Amino acid sequence: MADVVAAAMLGALILYALTGGADFGGGVWDLLATGPLRAKQRAAIDRAIGPIWEANHVWLILVVTVMFTGFPRAFAAIANALHVPLLLLLLAIVMRGAAFTFRHYDRGGARGTRAGARTPNRWGIAFSIASIAAPILLGVVIGALVSGELRANASNGWIEPWARRWPLLVGLFTLALFSYLAAVYLCVEAKESGDAELAEAFRRRAMGAWVASGVLSLFVFLQSRMHAQRVWDGLRARWMIVAVAGVAAALAIGLLWTRRYRVARFAAAAQVALVVIGWGASQHPWLMVPDFTIGGAAAPPATLRLLIGALLVGSILLFPSLWILFRSFKGARPFSPVDDA
Amino acid sequence: MGVSLAFHIVFAAIGVALPLFMTIAEWRHQRTGDPVWRELARRWSKGTAILFAVGAVSGTVLSFELGLLWPEFMAVWGSVIGFPFALEGFAFFTEAIFLGIWLYGWDRVPPRFHLFAGAVVAASGAASAFFVTLANVWMNSPVGFTPGPGGMPLDPDPVAAMFAPGWAEEVTHVLLSSYQATAFAMAGVHALLILRGRTSEIHRRALALTLTVGGVCALLQPISGDFSARSVARKQPAKLAALEGQFETERGAPLRIGGMPDVERRETRFAIEIPHGLSLLAFHDPNAEVRGLDQVPREDWPDVRTVHVCFQIMVACGVAMVAVSLASAWAWRKGKLTHPLLLKAIVAVSPLGFVAIEAGWMVTEKGRQPWIVQSVMRTSDAATEMPGLAITFWATVAVYLFLGAVSAWLLTRLIEETRG
């Protein structure tokens, strides 16, 4: 039963990566928007994120609340050991959300995204910086968890367990993955709004990010031998997952190359999902290496049963609602102007 | 963490109540076809978008903070009381989804569905408040587990824990307070705009709607408060003693209005005392025995002065809002809702709902000290031992001040820029 709850958490994390992660990636491209189309790029990102970003980020809250209900002692230990990066991640998420909304409603910003200003306004910069920091910090947290350097007895120190090469590498990898995903999504958005030129711009970025994530994924894998033994062993034992992820990646780049964006989107999403699954599978059954296993840290069965029940009922309510949301704004119709402020 | 909660509660209350107003306005529009209602709904929705965004991120902060600042609390009690937080996560998710549809989908989804979306937002907002309040109820009267060795609870029963004694009273009081505070604040904004010369019919309607909701809540709230106080008298006598300034146990205890508790001399001075009042209110028996702080070990006393003063503030605010509600109802019957004197009174009273909310939370949280879980776990044992926590604290304060300032600024600009 504890495994079911842990699997649900992983599922929520995957969905977070595919939705909220892409939102962060969008922020990266917002900052890196260059060339004559940059105002249009920013506008497209703004429109794409607008209606859905708040819903996207609730996945993370779900992961947190399910964890502290289902695996309370592990939650407490992780929160203790990774206090600093978690706090920074939090600040980044807050700044990003606020900056995005404020930009929308700040007179200068609203003009900027609609009429095509040359430079991003102040909120835009805050939004972008936060969008870059958050994925890195998320990766740092995950990297630190698998590294085996964190102990449950609060002897970890503030900086030591996570400000090292391996977690930072995982952080960069996460950033690359999210940027890649966002670029692919934006290709679809641009194409559906009829702007072929914009789609080309995002296509180039998507392919570039694909290369970057590929290189980083190799680095992560090779470095894990020294720094995160579990991942090294786990990935090699579960090489099927890695292989399928590789196939998805190959499909994705091929589809991007041939400009079949809608299908490329699925391939890219599958690729990212498989990366997360690969991580989860390689770490199984550890929640925090080496002190907490899923079974060992789990709450008593009564709580787990209720939690699973709530997850089921919640999913029945949630997934159709999400489908409605996405359908309303991302349907096959051309993107008509969203009601701005 | 208290700072975060004090901040979050304002945004949370607004997030619960504002969708109700927006939906009512839209419903009136669909019923009557009157474009004024639609315009009102749309104006309110812009403010909602800003406030919801800020409220949402502050909620993320809180869920993280539960772990960052109170790891011991979560480690020990997560399996008992974590569940309503998870449920609140789902409610919040639903709210965020449908708010996205409502805010951005005016012209993209069918009107009936749009109204439905608004209703879902209002309902799920209330559900969120419901679940989160249940967690607080449990902290005040912990049930649903067997105390185990070393303080770890055995056999957690999360459902029993969720519906701990006093849950109905506290949930009602919290929900009413959200609607009431938001209603009065909104009424104040519109009253101010009318005083400043805005002539649009929108403001008069807004005033009528918000004062109706606010007034109903204001009248119900003291009744709810009475139920809550009696619940507290049963479950948390130390808290009741503190908020009433009751140092000595006595039968037929007086109700103290105002007054400043003097902890050294163990008396509450300068109060207007109504004989038998407290026994009557707390137990509905004028000669009931009210337990004083003398029955609580000195080291377990809450901060009596703060708790008592905050309680008086909360009640005073409530009385003021009742008075303005009644005055408004009378004025409305006479067709004089927009009389300048009344409008000024409304403006004056408009922040008091939130003042009462903050004061009330101070009463209930500080009144429970030194316990984080009543009589079971002390706050000091639950907090993190992270060195340099001051940094985290000040970082949080800075973030919140920033968010509050900017949202206030944006809202002000939004209001100034709309014409009429």
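1. In helix 10 of chain A, the residues Arg230(A), Val231(A), Gly234(A) and Leu235(A) meet Gly278(A), Ser282(A) and Gln283(A) of helix 12 of chain A. This is a predicted model, and the remarks that follow should be read with that in mind. By class, the contact of helix 10 with helix 12 of chain A has two nonpolar, four polar and one charged residues. The axes of these two helices, helix 10 spanning residues 229-237 of chain A, come within 8 Å and cross at roughly 105 degrees, and helix 10 and helix 12 of chain A are therefore roughly perpendicular to each other.

2. Helix 12 of chain A, residues 261-283, also takes part in a link between distant parts of the chain, since it holds Arg262(A), whereas Glu192(A), 70 residues away, belongs to helix 8 (residues 165-192) of chain A. The side chains of Glu192(A) and Arg262(A) meet in a salt bridge, with an N to O distance of 3.4 Å. For context, a search of the whole structure finds 16 salt bridges over all chains.

3. Pro285(A) is placed in the loop between helix 12 and strand 1 (286-288) of chain A. Most peptide bonds, by contrast, are trans.

4. Chain B has a cis peptide bond of its own, from Gln369(B) to Pro370(B), with omega near 10 degrees; Pro370(B) lies in the loop between helix 12 (352-366) and strand 7 (371-373) of chain B. A further backbone point concerns Arg266(B), which has a positive phi of about 55 degrees although it is not a glycine. Arg266(B) is found in the loop between strand 4 (255-262) and strand 5 (267-274) of chain B.

5. Within chain B, helix 2 and helix 7 (residues 201-235) pack with their axes 10 Å apart and at an angle of about 75 degrees, and helix 2 and helix 7 of chain B are therefore roughly perpendicular to each other. Helix 2 of chain B contributes Val36(B), Trp37(B), Glu39(B), Leu40(B), Arg43(B) and Trp44(B) to this contact, while among the residues from helix 7 of chain B are Glu201(B), His203(B), Arg205(B) and Leu209(B). The residues of the contact divide into seven nonpolar, two polar and four charged.

6. How many residues of chain B are in contact with chain A? There are 63 residues of chain B in contact with 63 residues of chain A, and the two chains bury about 5,800 Å² between them, 78% of it on carbon and sulfur atoms. On the chain B side, Phe93(B), Tyr104(B) and Arg108(B) lose the most area to chain A, and together they account for 15% of what that side buries.

7. Across the interface of chain B and chain A the rule finds zero salt bridges, although it does find two residue pairs in polar contact, both at pLDDT 80 or more. The elements that give two or more residues to the side of chain B touching chain A are helix 2 (35-69), helix 3 (71-104), helix 5 (158-162) and helix 14 (389-417) of chain B. Helix 3 of chain B provides the largest share of that side, 23 residues. The residues of the side of chain B that touches chain A divide into 44 nonpolar, 14 polar and five charged.

Notes: Residues numbered from 1 in each chain as written. Chains lettered and ligands numbered in written order. Heavy atoms only, no water. Contact = heavy atoms within 4.5 Å. Buried area = accessible area lost by both parts, 1.4 Å probe. Salt bridge = Lys/Arg side-chain N within 4 Å of Asp/Glu carboxyl O. Polar contact = N/O pair within 3.5 Å; in protein donor to acceptor, adjacent residues only side chain to side chain. Helix = DSSP H or I, 4+ residues; strand = E, 2+ residues; numbered from the N terminus. Nonpolar A, V, L, I, M, F, W, Y, C, P; charged D, E, K, R; others polar. Axes fitted to C-alpha atoms, helices over the stretch in contact; angles between N-to-C directions. Parallel < 35°, antiparallel > 145°, perpendicular 65-115°, else oblique.
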